[in-house]
Amino acid sequence: MELSGAEILVQFLKDEGVEYVFGYPGGSVLHIYDELYKQDEIKHILVRHEQAAAHAADGYARTSGKPGVVLVTSGPGVTNAVTGIATAYMDSIPLVVITGQVPTAVIGSDAFQEVDTVGITRPCSKHNFLVKDVRDLAVTLKKAFHLATTGRPGPVVVDVPKDVTDPNVKIPYSYPETISIRSYNPKVKGNARQIRRAVQLMLSAKRPIVYSGGGVILSGASESLTELARMLEIPVTSTLMGLGGYPATDRQFLGMLGMHGTYEANMAMHECDVLIAIGARFDDRVTGKIEQFCPEARIIHIDIDPASISKTVKVDVPIVGDVDTVLTDMLQLLRSSESRLDPEELKRWWELIDRWRATNCLAYDRESELIKPQMVIEKLWELTAGEAFVTTDVGQHQMWAAQFYKFDKPNRFVTSGGLGTMGFGLPAAMGVKFANPDADVACVTGEGSIQMCIQELSTCFQYMLPLKIVNLNNRYLGMVRQWQEFFYGSRYSHSYMEALPDFVKLAESYGHVGMRIEKPGDIEGALREALALKDRLVFLDFITDQTENVYPMIAAGKAHHEMQMSPKSVLI
Amino acid sequence: MRHIISILIENEAGALSRVAGLFSARGYNIESLSVAPTEDPSLSRMTLVTRGSEEIVEQITKQLNKLVDVVKLQDLTEGAHIEREMMLIKVRVDANGSREEVKRLSDIFRGNVIDVGPTSYVVELTGDGGKLDAFIEALGDIPILETVRCGSMGISRGEKSLRL
């Protein structure tokens, strides 16, 4: 079969089983777009800004189990997409980003819409390629999909100069079934000796805790983790990225840990004697002051990325491997062994944890006449029976979503954890909806964040995506305001949002339904109404209490036991 | 502590900048770097000298290994190894005995005079960094016109080799 570069690219995507491409056309990808026009197998989703293409592909990848595919043009197409690529990189999300490039003959001449794509994306992608010869195109694309989806996943960029997709240059094509990259062999199976050591250490623990991260979700290890934790009756806490990896409504779940983690999770971290870190990377928002991190703990760390192990915190039993594979091996050892943790010690540990729990650290004023943002999330959780897919932007609303929407299943919470990208929520929700057309998809956002990719309301109308946008509108950049209140003498420097649009009219002008909710008593009714509108996007503009803060809070540079508590929590 | 890391890396455009970019992005220091293709033209061998605590150097080797283009690496400092630098140094010479002095010094340091001009000599010298420094010191008052040094190259002693 003789095909042109553009035909090869499109045919390859079909052969690879790609269903959706999120993109935006431009000069250097016109040959490719012409091929897309001639077929209907691959559905191209036209976004309104390239950043959104990457976020949408990201949301799709997180909730479909397949890599997200992005197609953008050279120059500004690429630079706009960089935020989305970096977001996916920080959260280890598999994307293949195909970028147009100026023709090879003019690369380096500052041609129109030329940027050094490989140079710009090098530090924020897992790997990248510049395809200089059409004969390398199919193999390079195969390598890109392989790299993106194996090992620690991540975005891979393939830069394709315009002449490489020239419709007049045809070469033989066959789908490369397999490829080998001699320098890339991620370790899947954990070292058997280390696994035995880890199991022994777990069994000897008096105050154990599992600290579970995004790796559990990415590896599909929720079931193994749940079985392990229940078998040994070990409490589980999770990072922001790991939420849903262990059922949040289970008694053994202590909630999220870290800067806005629960009192019980952070205290248990501080007091534990054996820490079992699973697919987590000891991020600064989790560890707090590193010198006082889990001062009495011996640490087991399972991660597929050797560079994540002992990066910030020295661990005692490192295990490099795929989380689910390692946990499966551990379970096998445990099933064939009679020994368990000392039940007396474990009982004492749970009693202590229950005392911490009694602080009711997530309490807030339920009698307020103003809408409390926490209540909105709680109601959303109730009304969707915990089954919705929830995307967020970044800030206070993100933390409240993490604290108050109790995720019992993995891959339901879609948030920019590592990079903290405002503008992520709406386009990510679009990708989630394409992957899960029958599910409820809510984007929890704030009036600051939503305006960073608000143009995607137009995309949502074009493809009739019935998302529910839950805008917690406090007329402030809430998290910035909170830090300014706590640490900058309440000098609210540029954290206010004056001259906001009328979001109801805005939603309507994009062809959607808009609602403004100003009283706590109206929360439930509005959410019910919105969820019942199965085929319409509903923009719910909740006017919330401006002064509400996220609690508990560990200030930057403080340790886990130095939490600032909500005035509503019970002091012990 | 000073570490000398040998890297086999795909001989591809941009591979060097991946390594250099990693060091600048993560704030590691590169004391010297030398790179050239090996007997297998698809591979380059890189010798990189860096300084850092054990934890930092462990991170450096892990991060380097994580680069897709890095095929294999070895921290030469962990075993017996040989290290060499090469220097080309141009000095001003005159009839007042400095010609003889430079030739003599070059012999003592087992260097070669590889260019002789009416008023200048170029000396080629290999050795570890300390030896090259010592040569410069020994030149004393003889004016140096140019110094070119390559980064350190290293290889382990005995059978142990960094190869595919």
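Two residues are in contact if their C-beta atoms, placed from the backbone, lie within 7 Å. The views below show a predicted model, which scores ipTM 0.92 and pTM 0.96.

**Figure 1. The side of chain B that touches chain A.** By the contact criterion above, 15 residues of chain B meet 13 residues of chain A. At least two residues of this side of chain B come from each of α1 (15-26), α2 (54-66) and β4 (70-75). The largest share is that of α2(B), which supplies five residues. Sorted by class, the side of chain B that touches chain A holds six charged, five polar and four nonpolar residues.

**Figure 2. Chain B as a whole.** Four helices and nine strands form the secondary structure of chain B. Their order from the N terminus is β-α-β-β-α-β-β-α-β-β-α-β-β. Along the principal axes, the C-alpha atoms of chain B fill a box of roughly 60 × 35 × 35 Å. Of the 164 residues in chain B, 25% are buried. Among contacts in chain B with a separation of 6 or more, 73% are between residues 24 or more positions apart. The mean pLDDT of chain B is 95, and 100% of its residues reach 70 or more.

**Figure 3. Nonpolar cores.** The largest nonpolar core has 179 residues, and A53(A) and V70(A) are those with the most contacts inside it. Leaving aside neighbours within four places in sequence, A53(A) is in contact with F22(A), G23(A), Y24(A), V47(A), V70(A), V72(A), A81(A) and G84(A). Another core, of 17 residues, lies apart from the largest one; I5(B), L43(B), V49(B) and L64(B) are among its members.

**Figure 4. Helix α7 of chain A and its packing.** Helix α7(A) covers residues 192-203, twelve residues in total. From its first C-alpha to its last, α7(A) reaches 17 Å, close to the 16 Å expected at 1.5 Å a residue. I195(A), A198(A), V199(A) and M202(A) are buried in this helix. Seen down the axis of α7(A), the buried residues fall within an arc of 100°, so they line one face of the helix. The strands of chain A against which these buried residues pack are β9 (208-212), β12 (274-278), β13 (298-303) and β14 (317-320). The helices of chain A that they pack against are α9 (222-232) and α12 (323-335).

**Figure 5. Helix α9 of chain A and the residue that follows.** In α9(A), the buried residues are S222(A), S224(A), L225(A), L228(A), A229(A) and L232(A). These residues cover an arc of only 165° around the axis, which puts them on the same side of α9(A). Their packing partners in chain A include the helices α7, α8 (214-219) and α12. The strands β9, β10 (236-238) and β12 of chain A also pack against the buried residues of α9(A). After α9(A) comes E233(A), whose phi is positive, near 55°.

**Figure 6. Backbone exceptions in chain A.** Most residues other than glycine have a negative phi, and most peptide bonds are trans. Q113(A) is not a glycine, yet has a positive phi of about 60°. Q113(A) is found in the loop between β5 (95-101) and α5 (117-121) of chain A. This residue counts as partly exposed, because 16 C-beta neighbours lie inside 10 Å. A499(A), also not a glycine, has a positive phi of about 55°. The place of A499(A) is in the loop between α18 (478-487) and α19 (503-509) of chain A. With 4 C-beta neighbours inside 10 Å, A499(A) counts as exposed. Y551(A) and P552(A) are joined by a cis peptide bond, with omega about -10°. P552(A) is in the segment after β20 (538-543) of chain A.

**Figure 7. The position of D15(A).** Helix α1 (residues 5-15) of chain A contains D15(A). D15(A) is partly exposed, with 17 other C-beta atoms within 10 Å. In sequence, 273 residues separate D15(A) from G288(A); in space, the two are 46 Å apart, C-alpha to C-alpha.

Terms used:
Residues are numbered from 1 along each chain as its sequence is written. Chains are lettered from A and ligands numbered from 1 in the order in which they are written. This is a predicted model: local features need pLDDT of at least 70, side-chain atom pairs count only at pLDDT 80 or more; totals for chains, interfaces and linings use all residues. Ala, Val, Leu, Ile, Met, Phe, Trp, Tyr, Cys and Pro count as nonpolar, Asp, Glu, Lys and Arg as charged, and the others, Gly among them, as polar. A residue is buried if 20 or more other C-beta atoms lie within 10 Å of its own, exposed if 12 or fewer, and partly exposed in between; C-beta atoms are placed from the backbone. The expected span of a helix is 1.5 Å times one less than its number of residues. The arc is that of the directions from the helix axis to the C-beta atoms. A nonpolar core is a set of buried Ala, Val, Leu, Ile, Met, Phe, Trp, Tyr and Cys residues joined through C-beta atoms within 7 Å. pLDDT is the predictor's confidence in each residue, from 0 to 100.
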